[in-house]
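Thanks for making the time this morning.

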Amino acid sequence: MAKLILASKNQHKVMEIQDILGPAWEVIGADQLGAPVHWEETGQTFRANALIKAEFLRAHTGEGVLADDSGLQVDILEGAPGVYSARYAGAAASDANNLKKLLRVLEGVPLNERKARFVCVLCYIDREGKIHYFEGTCEGHIISEAVGAGGFGYDPIFVPEGYQQSFAEIAALEKNRISHRSRALAQFLKHVAY
Ligand code: IMP
């Protein structure tokens with residue numbers, strides 16, 4: 001089994017990445033490393049924040065490290081919340097508060113103007129210290145109220161292109177087949193297979 005240190009404290013991400021990679025990999029989240037870790041996501045781009053997280057844990061562990069920085073871009077909001085997705089409603093905001101704020105901001109915007117995409121940027125620092133980036137997106141739109149109990153974050157208000165249900169209603173297996181995260185991880189897997 002290949003071990004993969006993941007520079008994320010978001011248990012949902014850790015679980016999704018474990019599920020997507022499957023049993024050949026053991027994904028170890030930052031909170032499972034035994035010592036408390038803390039970083040500031042001060043970057044202006046997904047890449048910059050993914051690099052901050054990967055470099056932090058690389059320095060901490062000396063091992064190869066993968067980081068996931070992701071978020072939701074809404075076209076009519078010129079890409080917001082974007083890199084601020086996790087703190088859209090404030091520094092310590094919950095997923096529910098962030099989602100509520102986005103629904104409020106989009107109130108009255110017609111369905112055909114609610115186009116959005118999830119973006120996932122993975123930064124992998126390999127054992128030799130070389131930095132690699134892998135990116136995945138998933139197009140869709142924002143609906144006007146939260147539906148479904150699965151997933152996390154903005155999943156209850158995001159309907160992927162070609163679907164009628166939100167990411168929180170779709171089976172986890174199906175989300176993990178089409179998501180921004182699984183698309184970025186497919187690139188990562190291709191890279192490590194060489
Ligand atoms: P960060 O990458 O830790 O800065 O935070 C990413 C934020 O984007 C999360 O807190 C979620 O709000 C949102 N996000 C990223 N990926 C997903 C997803 O797959 N579903 C729902 N929300 C997501």
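Let me start with Pro81, which is found in the loop between strand S3 and helix H3, the helix that covers residues 95-105. Please keep in mind throughout that we are looking at a predicted model. The peptide bond that joins Ala80 and Pro81 is cis, with an omega of about 0 degrees. The loop between S3 and H3 also holds Glu78, and Glu78 has a positive phi of about 50 degrees although it is not a glycine.

Now to the strands. Strand S4, residues 115-125, pairs with strand S5, residues 131-142, in the antiparallel sense, and 11 bridges connect the two.

Where does the ligand sit? The space that the ligand takes up is the largest pocket. There are 17 residues around the ligand, and those that come nearest are Lys13, Phe152, Asp155, Lys175 and Arg181. Which elements supply at least two residues each to this shell? They are strand S3, residues 65-74, and helix H5, residues 180-193, and S3 gives the largest share, with four residues. If we sort the shell by class, we count eight charged residues, five polar ones and four nonpolar ones.

Let me now go through some polar atom pairs, one at a time. In the side chain of Lys13, an N or O atom lies 2.6 Å from an oxygen atom of the ligand. A polar backbone atom of Tyr154 is 3.2 Å from a nitrogen atom of the ligand. For His180, an N or O atom of the side chain is 3.1 Å from an oxygen atom of the ligand. As for cover, the ligand on its own has 490 Å² of accessible area, and the protein covers 95% of that.

I will stop there, and I am happy to go back to any of these places on the screen.

How values were computed. Residues numbered from 1 in each chain as written. Predicted model: local features only at pLDDT ≥ 70, side-chain atom pairs only at ≥ 80, totals over all residues. Heavy atoms only, no water. Near = heavy atom within 4 Å. Polar contact = N/O pair within 3.5 Å; in protein donor to acceptor, adjacent residues only side chain to side chain. Areas by Shrake-Rupley, 256 points an atom, 1.4 Å probe, with all protein chains shown as cover. 1 Å grid on protein atoms, 1.4 Å probe; cavity = no way out; pocket = protein on both sides within 12 Å on 5 of 7 lines; lining within 4 Å. Sits in = over half its atoms within 2 Å of the grid points. Nonpolar A, V, L, I, M, F, W, Y, C, P; charged D, E, K, R; others polar. Pairing = 2+ DSSP bridges.
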